[in-house]
Amino acid sequence: MTWSLRATFPEDELKGCGWDIEPLDGDLSNVKLVDLSVDIGHWPIPITEYWSSGRHMDTAKLPTRLRVKAIGCRKDRPALYQDFTASMGSDTLASAAFRDVVEAYDPGVHQFVPVQVEDARGGAIERDYFWFAPGHRIFALDADRTRPPMLPYPEGPEWTNPHSDRPAMRFDRKQRSETWAPVFRADKIGDRDLFCDGEFRRQIFMSDRLKRAFEAAGVVGVGAIGPYTVV
């Protein structure tokens with residue numbers, strides 16, 4: 001089985017807790033993928049999906065310093081203490097604890113770029129943080145078994161089909177998440193423990209054993225949606 005990886009709030013955090021994360025250098029809005037080539041459909045990966053595309057980010061404009069202000073959160077904790085969280089949208093931050101678990105299972109594949117994190121007063125947060133981007137982009141959905149039924153990609157002049165055995169399709173994210181029942185092919189996933197699927201937008205998936213490793217390590221902020229079937 002596999003799970004969708006989500007950033008979540010610790011259960012003992014205050015209701016309404018949130019974080020204002022401000023880049024102090026770089027230009028996060030103009031950070032792009034290293035590889036912008038088309039591998040499905042007739043358009044490149046949209047900016048809203050960069051961080052969950054399974055491709056590394058170009059670091060030229062990536063901020064090296066962040067200022068974090070906790071809003072409505074517990075005062076006995078640092079401004080940022082989660083091991084996995086989103087900063088200003090789909091872009092993701094991970095701690096050394098998160099990185100160490102991932103590297104134990106998928107070594108040398110995923111992107112972890114160091115970033116210095118400060119609190120609202122400019123004091124350094126004494127934990128190592130990284131920009132995190134998954135490095136596996138695959139096409140593993142079983143279109144015949146997945147529910148809701150997958151939708152065909154419209155063909156175009158630059159249309160590219162990543163499959164040799166079926167048309168290119170996409171998962172219908174417009175349906176309620178409670179109805180999602182994607183089915184993945186084990187032969188396409190292989191030995192990957194963390195990956196993105198090019199036909200399931202804005203999702204990062206993890207294996208059951210990686211989920212259990214996060215839990216055993218006490219990694220804070222890692223949530224899981226699923227499980228989803230692997231055949």
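**View 1. Ser53 and its polar contacts.** The backbone nitrogen of Arg55 lies 3.2 Å from a polar atom of the Ser53 side chain. The Ser53 side chain also reaches the backbone oxygen of Tyr50, at 2.8 Å. A polar contact is a pair of N or O atoms within 3.5 Å; within protein, one must be able to donate a hydrogen and the other to accept it, and residues adjacent in sequence count only if both atoms are side-chain atoms. The model is predicted: local features need pLDDT of at least 70, side-chain atom pairs count only at pLDDT 80 or more, and totals for chains, interfaces and linings use all residues. Residues are numbered from 1 along each chain as its sequence is written, and side-chain values use heavy atoms, with hydrogens and water left out.

View 2. Ser53 sits in the loop between strand E2 (18–23) and strand E3 (65–71). Strands (E, at least two residues) are DSSP runs, numbered from the N terminus. Ser53 is buried, at 1% relative accessible area. Buried means under 20% (1.4 Å probe, protein chains only). Leaving aside residues up to four places away in sequence, Ser53 touches Leu33, Ile45, Arg137 and Cys196; contact means heavy atoms within 4.5 Å. Cys196 is buried too, at 0% relative accessibility.

**View 3. The disulfide.** The whole structure holds one disulfide, a pair of cysteine sulfur atoms within 2.5 Å. The disulfide joins Cys17 to Cys73, S to S 1.9 Å. The link is right-handed, with 90° about the S-S bond. Cys17 lies in the loop between strand E1 (2–7) and E2, and Cys73 in the loop between E3 and strand E4 (84–86), so the pair ties together parts 56 residues apart in sequence. Cys17 is buried at 8%; Cys73 is buried at 5%.

**View 4. Two nonpolar cores.** A nonpolar core is a set of buried Ala, Val, Leu, Ile, Met, Phe, Trp, Tyr and Cys residues joined through side-chain atoms within 4.5 Å. The largest has 25 residues; Trp51 and Trp131 touch the most other members. E2, E3, strand E6 (111–118) and strand E7 (129–133) each give two or more residues to this core. Another core, of 19 residues, lies apart from it and includes Trp3, Ala96, Phe130 and Ala213.

**View 5. Residues around the largest pocket.** A pocket, on a 1 Å grid over the protein atoms alone, is an open set of points where a 1.4 Å probe fits, with protein on both sides within 12 Å along at least five of seven lines; lining residues have an atom within 4 Å of a point. Of the 16 lining residues, Leu5, Arg6, Ser52, Ser90 and Arg202 are the closest to the centre of the largest pocket. E1 gives the largest share of the lining, four residues.

Technical notes. Buried means under 20% relative accessible area, exposed over 50%, partly exposed in between (1.4 Å probe, protein chains only).
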